[in-house]
Amino acid sequence: MSLIRLDKLISTAAGLSRSDAKRQLASGSVLVDGCRIRDGSAQIDPDRQTVLLNGRKLYYREHLYLVMNKPLGVVSSTDDPDSPTVLTLVPKSLLRRGLFPAGRLDKYSTGMLILTDDGSFAHRIVSPNHHLPKVYEVELDAPILSDALVAEFAKGVYLGGGERSSPSQLEPLGPTRARVTIYEGIYHQVRRMFDQNGAHVLRLHRVQIGGLPLDPTLPEGGCRELTDRELKALFTPNGQEECR
């Protein structure tokens, strides 16, 4: 990794504004390899040098890639005046400026959500041009599942308002339970696909994005960093790396 200014490293790794990072430096709260440094312009090699802020070791990453198991009642947004947002569930050690959800789950949906501060990475997840599958488990209020509905989903479903979904996959799991795979992110898409066919979604839970399933050990409301292996799996939905 190339050298980075110390004030930028502190700001990014500690989730501080650049001015707050400079105040921490001025107060003598920063040690680099055991030496107190007050100059924010000092060039640091984060792979080779140890930076402590008030005794806490800082780990610099240019970007963060997080996975969350979103619970009910939480909004997939960075700010909402009426409801808690997914950012309130991010551990303090992983919270940084610029973090946002890459795609959305509505307030009453649960499951897998990716958060990042990397705009290009997020675009690869949400853009329909990349055809990255998103897999949901649904529970319905009526037993409408049939071979005919499976065929309709495979052709694309009229959503109302002049919109139609692209082809998707519907796998019945029981009279009122199914797994749905879509390749785009139209507003309330899965709910509208069933609404147009005579049933309301009672429960919507995302279980997979791309080739990466939701970690079964990640508790509801839990959030952690994605591993390098998971990041690769995310973009290999069919066992072959997605073309960029």
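A cavity, on a 1 Å grid over the protein atoms alone, is a set of points where a 1.4 Å probe fits but cannot get out. Grid points are joined across faces, edges and corners, and a volume is the space filled by probe spheres set on the points.

This is a predicted model, in which local features need pLDDT of at least 70, side-chain atom pairs count only at pLDDT 80 or more, and totals for chains, interfaces and linings use all residues. Residues are numbered from 1 along each chain as its sequence is written, and side-chain values use heavy atoms, with hydrogens and water left out.

View 1. Welcome inside: the count comes to 1 cavity of 30 Å³ or more, and the largest cavity holds about 30 Å³ of space. Its lining residues, which have an atom within 4 Å of a point, include Val67, Met112, Leu212, Pro213 and Arg224. By class, the lining has 6 nonpolar, no polar and 3 charged residues; Val, Leu, Met and Pro count as nonpolar, Asp, Glu and Arg as charged.

**View 2. Strand β15 and its partners.** Strands here are DSSP runs (E, at least two residues), numbered from the N terminus, and two of them pair if DSSP finds at least two bridges between them. Strand β15 (residues 201–209) pairs with β9 (residues 110–116) in the parallel sense over 2 bridges, with Gly111 opposite Arg206. With β10 (residues 134–140), β15 pairs in the antiparallel sense over 7 bridges; here Glu137 has His205 as its bridge partner.

**View 3. The β15–β16 hairpin.** Strand β16 (residues 212–213) pairs with β15 in the antiparallel sense over 2 bridges, and Gln208 stands opposite Pro213. The hairpin has 2 residues between its strands, and Gly210 in the turn shows a positive phi of about 60°.

Conventions:
Helices (H or I, at least four residues) and strands (E, at least two) are DSSP runs, numbered from the N terminus. On a 1 Å grid over the protein atoms alone, a cavity is a set of points where a 1.4 Å probe fits but cannot get out, and a pocket is an open set with protein on both sides within 12 Å along at least five of seven lines; lining residues have an atom within 4 Å of a point.
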